[in-house]
Amino acid sequence: MNLTETCQRSTDPRAIALTSASSTGIHSMTHTKTWQSEPYWGLGFDFDPQWHLTPAQQALQEQLIELCATTLRPNAIESDRGLIYPRKNFEALAQLGLLGLLVPQEWGGLGESHTCAAMVVETIARYGCPSTAMCYVMHLGATAAALFRAADNLELQSVLQRLDRDVFIGTLSYSDPETGSHFWYPVSSRAERTQDGWSVFKKASWTTSAGFADWYIVQTSSPDFNGDYSDLSCFLIYSNEVQAEPQKWDALGLRGNQSGTLLVDGVTVPSDRMVGPKGDGAYSNDEIVDPFFLLCSSCCWNGIALGAIDIAKRHTTRKKHVDVGMRVADYPTIQDYVGEAIMDTNAARSFSFSMAKLMDELTNNCDWSVHNQDPSALPRSVYLHWYWQIKFIAAKNVAHVCDKMLHACGGTGFKKDLEIERYLRDGKAGWVMGPTNEVLRQFVGKMALLGFESLDYWNQTVNQRVLHNEIKKLDADGKRQLAAQLLAEVEGASSPKVPVLQ
């Protein structure tokens, strides 16, 4: 008698539920997660929200877990200890078609959804290599930025068709040394019109895969810039056109991702290397770069938290205290640690998957023709403040969970061989990676209290309340000096008038 027949004859609600799960393609509670043909030593599928995934995505997940066991995880140790870029892991991912995960099938990709992307990133970070996961996040972000405006651009289409075939790794370069995690404000970068196209100047303080990626999507102020930093443009730049210094990279965690400086020093590129029209950068950022980066990086942090829980389970269920006849996992304190870590992490990952599902609904499962048919369509951007929230929650949670799992493992957790210290170090990057958690929580609070306009991304709006309060502190001579200074600036001013916030 098979499982379905047994469950149909049973009155046990759990058995009936198993039948329903089996018929819909959802992993049942009896499905065993394996690791190199053996039962997995961490949490099983009964603690994974498999109902978010289609049967095909579940099958891909299982293939990826096996690839993590045989290839990605061993390479993670090498990357961490030797500061080695995980290109070998990308070569393995390309064998599953994962570099072209988001690319439409007619261009040789898998044509998959935001939900699938979330699962893939989480899986790589959890079972394989967090450094690879973060490099992959940036690759997906660059791929999405290209797909956003690829419909009429043969150069972008050529890049997208090479991803898996040539292990053609992309990344985003949006940071600026003068503005830190305020990456939307590129004061050190610019672009100029030339007879042959565009001359691009990009100076970045942080670029994942810098010097190792094959192609880059970079953001600068637009050609014909007039002082308005909301006027941004994006360009496709190839590896032979950038200058990087990977030898200077030596970080606490994510040591394989090579997030160093990048310089594009007046490189002239053809007209079709502008990604989208001139001035499209702000739309690309709000519709593509932020949503994809915040979703996928959140899944990276969730994956790291889960990886730490898995390691803690393996250690605490095997380690025995002979004097009291108990395993470490038998102590109520350890059970409390693990139980809370699972619930907090599943809350964070459920939040992330809910946003992935929303993005799928907004775009017909990541159908890029939405933007081809209407270039002004920006359905994801409406929910930008929700993407800020999932990143904050995931980055906050991973730091706490990894810390507690280290406590659960005791002194053994300090040993590199257990691997939990690597997950702890990798997870620390979540809080400080731009937009930092300080920036995000202020964005959400300020927007909720004062409205979206109060965020003033590009420092264009005068806060009258603060201005008048400061002026009140000046004596008569101070006010005269300020007035003289302002009048002198007005005489030589060439920038546009700054709007005033009432």
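**Entry 1: a hairpin and its sheet**

I began with the hairpin that joins E4 to E5 through three residues, where strands (E, at least two residues) and helices (H or I, at least four) are DSSP runs numbered from the N terminus. I noted that this is a predicted model, in which local features need pLDDT of at least 70, side-chain atom pairs count only at pLDDT 80 or more, and totals for chains, interfaces and linings use all residues. Residues are numbered from 1 along each chain as its sequence is written, and side-chain values use heavy atoms, with hydrogens and water left out.

I then looked up how E4 and strand E5 (residues 197-207) pair, and found the antiparallel sense over four bridges; two strands count as paired if DSSP finds at least two bridges between them. Phe201 in E5 is the bridge partner of Arg190.

Which order do the strands of this open sheet have? I read four strands in the order E4-E5-E9-E8, with antiparallel pairing. Strand E4 (190-193) and strand E8 (243-244) are the edge strands, since each pairs on one side only.

**Entry 2: Phe351**

Next I looked up Phe351, which lies in helix H9 (residues 332-362). Leaving aside neighbours within four places in sequence, I listed Trp386, Gln389, Ile390 and Ile393 as the residues in contact with Phe351, contact meaning heavy atoms within 4.5 Å. I also checked Phe351 against Ser175: they are 176 residues apart in sequence and 27 Å apart in space, C-alpha to C-alpha.

**Entry 3: the whole chain**

I recorded 16 helices and 13 strands in the chain. The radius of gyration is 25 Å, close to the 23 Å that the globule rule gives for 502 residues, so the chain is as compact as a globular protein of that length; the radius is taken over C-alpha atoms, and the rule is 2.2 Å times the number of residues to the power 0.38. Along its principal axes the C-alpha trace spans about 90 × 55 × 50 Å.

How much of the chain is buried? I noted that 54% of the 502 residues are buried, which is to say under 20% relative accessible area with a 1.4 Å probe, protein chains only. Finally, among contacts between residues at least 6 apart in sequence, I found that 73% join residues at least 24 apart.

Conventions:
Buried < 20%, exposed > 50% of the residue type's maximum accessible area, 1.4 Å probe, protein only.
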